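Subject: Structure handover

Hello,

Here is the structure I promised you. Please open it first, then read my notes below.

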Amino acid sequence: MKKLHNYILSLAVALVATGCCQQQKAKYVFYFIGDGMGFDCISIAETYLAQAEEGHNGMGLLSFSTFPVLGASATYSADSQVTDSAAGGTALATGTKVNNGAIAITPDGDTLTSIAYKAHDAGMKVGIVATVGIDHATPASFYAHNVYRGNYAEISSEVGATGFEFFGGGDFIGGEDWIAPAEEAGYTFAFGKNDYNEKKAAEKLIYFQRKDYDKSRTEVVDYVTKHRDNNPDDICLADLVEAAVNHLDNPNGFFIMAEGSKIDYAAHANSLDGLIFETIDLSDAVAVALDFYKKHPKNTLIVVTADHETGGPSCKSPNLGNIRETLKPLDKTSANYLNDEHEAAEETSEYGIAWTTKGHSGERVPIFAIGAGSEKFAGSMENIDIPRKICEAMGIEF
């Protein structure tokens with residue numbers, strides 16, 4: 001009997017070991033960040049999809065709402081209950097809480113290494129894309145190090161040294177001094193779809209909306225736009241993600257961070273239409289990753305989360321069926337959310353949506369996940385846990 005017991009125990013251990021060995025590592029990783037995207041933001045976008053596009057009450061589904069794993073993340077920073085995008089992005093990139101305003105620099109002044117570098121060191125190709133400039137706080141957190149997020153020129157100057165194979169986004173704030181060093185480091189710049197199609201075979205590529213930089217400007221104009229009713233030559237986040245996949249797909253795998261940046265802009269302005277359509281644009285970009293996942297389900301991981309919540313919108317009695325006809329249309333080629341060109345809170349209350357702030361809040365934000373290692377993201381956690389869990393899923397030491 002003892003021999004039989006030992007045999008059964010040995011068999012059980014062998015089966016467990018075999019099961020562990022069969023679990024696939026995440027070879028292809030998509031890390032989506034909806035800047036400012038809280039739970040209510042998602043509910044509002046899904047209510048719109050049901051009422052305005054499907055013609056009934058209920059909840060239409062965003063692409064990531066179908067994911068089997070749902071979690072929630074606490075977003076406070078090292079020095080504030082309410083984080084900014086720099087500290088929030090750094091937490092998601094490096095697994096460390098820092099002070100608001102800091103890009104991958106601890107309160108003690110130590111530099112931090114993002115999981116993008118860890119993936120690259122492990123032999124994976126890396127892409128960083130956003131709907132604003134790549135020197136903005138969240139994308140910058142994945143490659144740069146600076147005590148202040150507003151030091152755009154210094155932040156941009158770090159791009160060339162990363163060695164990452166793909167960057168994509170809108171315009172850039174920090175001047176043009178970093179472009180020549182990036183080119184010397186082997187990067188090819190493509191501005192707009194036509195230029196991209198001619199240069200997409202380059203080994204290392206930086207893909208921007210178009211070259212339209214004016215040193216007299218104090219604010220970026222040429223952000224990546226929505227692909228709803230926009231100029232056919234404009235690029236959107238889904239285009240950038242698709243380009244990144246095409247550029248990075250290889251036997252050693254890839255890591256792509258993609259930010260839906262302008263959800264935050266819309267929420268800061270209490271722009272209801274902006275909040276809805278920017279969230280849907282993020283959903284469309286995630287759908288590109290989901291198509292890739294369906295071809296490689298065993299070793300692809302998709303994680304969708306947010307750096308913080310913005311605006312504090314809530315659905316009192318949502319009535320969004322005719323919002324596209326009655327609200328002023330969004331400017332398709334520029335980011336004018338912050339200069340009062342869009343509907344404000346008092347003008348959108350008739351749609352049953354109330355706002356609590358034009359700033360950030362300390363609310364928890366959602367985490368959606370599917371694929372290899374996705375079970376790690378279920379439940380409540382700190383934002384600093386997310387990159388650690390992604391590294392676990394990739395089989396890379398954090």
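**What I found**

Among contacts in the protein chain between residues at least 6 apart in sequence, 74% join residues at least 24 apart. Contact here means heavy atoms within 4.5 Å.

Some ground rules. This is a predicted model, where local features need pLDDT of at least 70, side-chain atom pairs count only at pLDDT 80 or more, and totals for chains, interfaces and linings use all residues. Residues are numbered from 1 along each chain as its sequence is written, and side-chain values use heavy atoms, with hydrogens and water left out.

**Overview**

The protein chain has 15 helices and 14 strands. Helices (H or I, at least four residues) and strands (E, at least two) are DSSP runs, numbered from the N terminus. The chain has 398 residues, and 58% of them count as buried. Buried means under 20% relative accessible area, exposed means over 50%, and partly exposed lies in between (1.4 Å probe, protein chains only).

**The sheet**

An open sheet holds 10 strands, with mixed pairing. Two strands pair if DSSP finds at least two bridges between them. The order is E5-E6-E4-E3-E7-E1-E8-E13-E2-E14. Strand E5 (187-191) and E14 are the edge strands, and each pairs on one side only. From one strand to the next, the twist averages 15°.

Strands of a sheet pair through backbone hydrogen bonds, either parallel or antiparallel. Look at strand E2 (residues 69-74). 5 of its 6 residues are buried. E2 runs antiparallel to strand E13 (residues 365-371), and 5 bridges join them. There, valine 69 stands opposite alanine 369. With strand E14 (residues 379-382), E2 pairs in the parallel sense over 4 bridges. Glycine 71 faces glycine 379 in that pair, standing opposite it.

Another parallel pair is strand E4 (residues 166-169) with strand E6 (residues 204-208), over 4 bridges. Glycine 168 stands opposite tyrosine 207 in E6.

Threonine 75 is in the loop between E2 and helix H3 (85-94). Is threonine 75 buried or exposed? It counts as buried, because its relative accessibility is 2%. Its contacts, leaving aside neighbours within four places in sequence, include Thr83, Asp307, His308 and Asn383.

**Helices across the sheet**

Helix H10 (residues 237-248) lies across strand E1 (28-34), strand E3 (125-130), E4, E6 and strand E7 (254-260). H10 runs at about 170° to E7. H12 lies across E1, E7, strand E8 (300-305) and E13, and runs at about 170° to E1. Axes are lines fitted to C-alpha atoms, for helices over the stretch in contact, and angles run from 0 to 180 degrees between N-to-C directions.

**Cores**

A nonpolar core is a set of buried Ala, Val, Leu, Ile, Met, Phe, Trp, Tyr and Cys residues joined through side-chain atoms within 4.5 Å. The largest one has 60 residues. Phe30, Phe32, Phe64 and Ile302 touch the most other members. Helix H12 (residues 272-295) gives the most to this core, with 12 residues. Apart from it lies another core, of 50 residues, among them Val126 and Phe164.

**Cysteines**

How many disulfides are there? The count comes to 0, where a disulfide is a pair of cysteine sulfur atoms within 2.5 Å. Cysteine 315 is in no disulfide: the nearest cysteine sulfur, that of cysteine 41, is 9.9 Å away. Cysteine 315 counts as partly exposed, at 29% relative accessibility. Cysteine 236 is buried, at 2% relative accessible area.

Best wishes
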